[in-house]
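Here is a briefing on the model shown below. Topics follow one by one.

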Amino acid sequence: MRSDTAILVEGLHKSFGDVRALRGIDFDVRRGSILGVLGPNGAGKTTAVRILTTLLQPDAGRAVIEGRDVVAAPADVRRIIGLAGQSAAIEGELTGRENLEFVGRLYHLPRPRCRARAGELLERFDLGQAGDRPAKTYSGGMQRRLDLAASLVAEPAVLFLDEPTTGLDPRSRIGMWSVIRDLVDAGTTLLLTTQYLDEADELADQIVVIDQGQVIAAGTSDQLKDRVGGDVIEFTVPDAGRRADAARAVSGLSDGDASIDESTGRVGIRIGRRGSEALIEAVRLLDSAGVEVHGLTMHRPSLDDVFLALTGHAATDGATPAPGRRRGRGGRAPRGSPPGPDAGEVGP
Amino acid sequence: MSTATVSVPAVAPPAEDRPWTRLRWAVVDAVTIMSRNLLLWRRTPAYIMFTVIQPMMFMLLFRYVFGGAINVHIPGGYVNYLLPGIIGQTCAFTSFGTAIALAQELQKGSIDRLRSMPMARSAVLVGRLGADLVRLAVTIGVLIATGYAVGFRFENGAVPAVLMVALALAVGLAVACVSAFTGLAIKDEESVQAFGFIWVFPLTFVSSAFVPIAGMPGWLQAFAKNQPFTIFIDEMRSLAVGGPLLLHAWQSALWVAGILGVFGWLAARAYRRV
C-alpha cells in the first residue's frame, strides 16, 4: 500500500442469500482526494459503504482505512471515519444544535467542546440562524447539511457520503457540492457514492463505476470519457441525399465510421482527443465536398455516454432513452445475469 | 502491501481499552442515548397522550363502565382488582413504543450513524430500554395516583406496594426485550405495530387482568390460567391487596428471567445483524 493511500479495498465480496451484492471489487483512494463511486440503484454502492464503515462484514476480501483493517480493528476505524447516509439521520424533534451536541457527547468530547463544535458547524453549514429550531422545520437541503455536519463533529480523516444529494432540488444540490469541495480542500479524504453522473463529474478526482457488484471501469472523468472514443463532432445535413457523402467526407477524422441518424439528419463522428484541430479539419473537408451543413458542434461525451457504453444500459432507472447516436461503438449487451434486488441498497 | 505507517490528521483520541474503562463508557453512552430518548418523548405531546393518558382512560372506563357488572371477592372491590391488571396491561402496551422507535431508527438510518461511531454498541439498545423503563415508571405512577382518586388503596402495606411496582418494572423490561426483538427483526414500522397488537391483546385480555378467569369458557381458562400475564398480575394483586404470594412469586421470577434471557439475547443478536 502506498503511504498516501487512505482507503484500500481488495477483492470485496458480499452476498445476501442468493443476491450477490458485491462480486469482488477493488479500488484505492489517495489521502485528501475524492473518489466517486458511480452506479445505478442496486449496483452494490451502499453495501460497499456499509462494509467500509464497519456496519457489515464482508464475505471475502479486505478493506483498510488509514492502515486500519475494517474487520480486524473496527473500533479503530470508527474513530477516524464519518458517515452520512442516504437519509438524514437526525432527530426532527431536537434542534440543529441539540442534534450536533448529542453526536459530540457520543464521541466523548467534553461538554464545552461539544457546544463549541456545534456552533462552529452550524455557522459553517449556513444553519446559524436555524440552529435553535427543531430540525423537522428545516428544508430538505438544510436537513442534509445538518446530517453532513453531524458526520463531521469529531473531525474525521475519512468521510463516507452515501448519495448525499439524492432527493434534493437542484439548488440544494449545488449548495451541497460547494460544501463537499470545501471539506476536501481542508484535507479530508472523501468517498462519495452517487447515481448522478454530473455529480461524479463535478466532484470526484477519481471515479469507479460499479455495476451488478463489480467495478467495470475506473479512472478520472477524462479517462472514462476517452474510453467512449473521446470528443464528438456533430452536424445536420438537411439534404437527405447528401448525408452519405458528408459522412464519407469526414470519415478520415477517425478510425471508425461516422454515424447517421436518418430521422433527424444528424451526422456524428468520434474524433478522440484531437480537439479544435479536428473541428477545423471537419469544416475544410465538408467545404471541399460541397455539402451544406447546419449546427456544426463539438462536445465531450457526458458520463451518461460512458455508462451506456460500459454497461449497455442507462445509468439511472427510468432515465429517458438515450438518443440513437449514443449507442455508438463500445456499447455491449447487458449482462446475462438476472437483475436481482440489492439487499444492501435502499431505493429512493 | 508494505507496512508503512500512516499518519492520520485530526482524529479523536484513542479510547482506553481496559475493561473498566469500556464498561464506564458503555454506561455513559447508554445514559446519553436514554436522556435523548426521554427528551424526544417529552417533546412529542401525541406520544405522551398515547403512553400516559391512554392507560388512565382504560382504567377509568373499566372502573366505571364494566366495574358495576363484574363481581370480585377481594378487599376494596373491583377497583382494587383492576389496578394491578391495568398496570400489567400497561407493561405490554408500553413496549409498543420500544418496537416502533427501533424500527423507525433503523429506517431513518440513525442506527447506522450511531454504529459507525466509536461509542459502545450496546448503548442504543440499553439506552432505549432504559428510557422506556423510565417512561413505564412515570405511567405507573400516574396510574396509581389516578387509582387513589377513584377508590384504589394498597391494603397490604408499603413494602409489598414497592415490590409490586418493582415486579411491574421487571415485567415491563422483559416485555420490552420481546418488542425490541420484533422491532429489530421486522424493521418496518407499520408491520411492527400490527404484529404487536396480535400478541399483546390476547395475552393481556385473556388473563386475570380485568375479570376473574372462572367466568371464561373451560378451553380458554386452560390458557388464561397458565400464561405469564395472569401469573404476573396475580402476584401484583397479592402484593397490592393481600393474597397468596409465594407460588406466583417464584413463577413470576422464572418467567421474567426466562423472557429476559431468551429475548434479551435475541434482541442483542438482531441488533448486531441489522
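Which residue of β8(A) stands opposite Leu38(A)? Thr194(A) does. This is a predicted model, in which local features need pLDDT of at least 70, side-chain atom pairs count only at pLDDT 80 or more, and totals for chains, interfaces and linings use all residues. Residues are numbered from 1 along each chain as its sequence is written, while chains are lettered from A and ligands numbered from 1 in the order in which they are written.

**Chain make-up**
- Chain A has eleven helices and 14 strands; helices (H or I, at least four residues) and strands (E, at least two) are DSSP runs, numbered from the N terminus.
- Chain B has ten helices and zero strands.
- Of the 348 residues in chain A, 48% are buried; a residue is buried if 20 or more other C-beta atoms lie within 10 Å of its own, exposed if 12 or fewer, and partly exposed in between, with C-beta atoms placed from the backbone.
- In chain B, 43% of the 274 residues count as buried.
- Take contacts between residues at least 6 apart in sequence: in chain A, 69% of them join residues at least 24 apart. For chain B, the corresponding value is 80%. Two residues are in contact if their C-beta atoms, placed from the backbone, lie within 7 Å.
- Along the principal axes, the C-alpha atoms of chain B fill a box of roughly 80 × 35 × 35 Å.

**Strand β3 of chain A**
- Five of the five residues of β3(A) (residues 34–38) are buried, so this strand is largely enclosed by the rest of the structure.
- Both faces are covered: one side carries Ile34(A), Gly36(A) and Leu38(A), the other Leu35(A) and Val37(A).
- β3(A) runs parallel to β8(A) (residues 189–194), with five bridges between them; two strands pair if DSSP finds at least two bridges between them.
- β3(A) also runs parallel to β9(A) (residues 206–211), joined by four bridges.
- Gly36(A) has Ile207(A) as its bridge partner in β9(A).

**Four-stranded sheet of chain A**
- An open antiparallel sheet of four strands has the order β12-β13-β11-β14.
- β12 (259–261) and β14 (294–299) stand at the edges with a single partner strand each, so one side of each is left without a neighbour in the sheet.
- From one strand to the next, the twist averages 15 degrees; axes are lines fitted to C-alpha atoms, for helices over the stretch in contact, and angles run from 0 to 180 degrees between N-to-C directions.
- Five bridges link the antiparallel strands β11(A) (residues 232–236) and β13(A) (residues 266–270).
- Phe235(A) stands opposite Val267(A) in β13(A).
- Helix α9(A) (residues 243–250) packs on the sheet, where it touches β12 and β13; its direction makes about 15 degrees with that of β13(A).

**Nonpolar cores**
- The largest nonpolar core has 151 residues, of which Ile65(A) and Ala180(B) touch the most other members. Such a core is a set of buried Ala, Val, Leu, Ile, Met, Phe, Trp, Tyr and Cys residues joined through C-beta atoms within 7 Å.
- Another core, of 18 residues, lies apart from it and includes Leu253(A), Ala282(A), Val291(A) and Val293(A).
- Not counting residues up to four places away in sequence, Ala180(B) touches residues including Leu102(B), Leu125(B), Arg128(B) and Ala267(B).

**Helix α5 of chain B**
- The 27 residues of α5(B) (residues 123–149) should span 39 Å at 1.5 Å a residue, and the end C-alpha atoms are 39 Å apart, which agrees. The expected span is 1.5 Å times one less than the number of residues.
- Gly151(B) follows α5(B) and has a positive phi, near 110 degrees.
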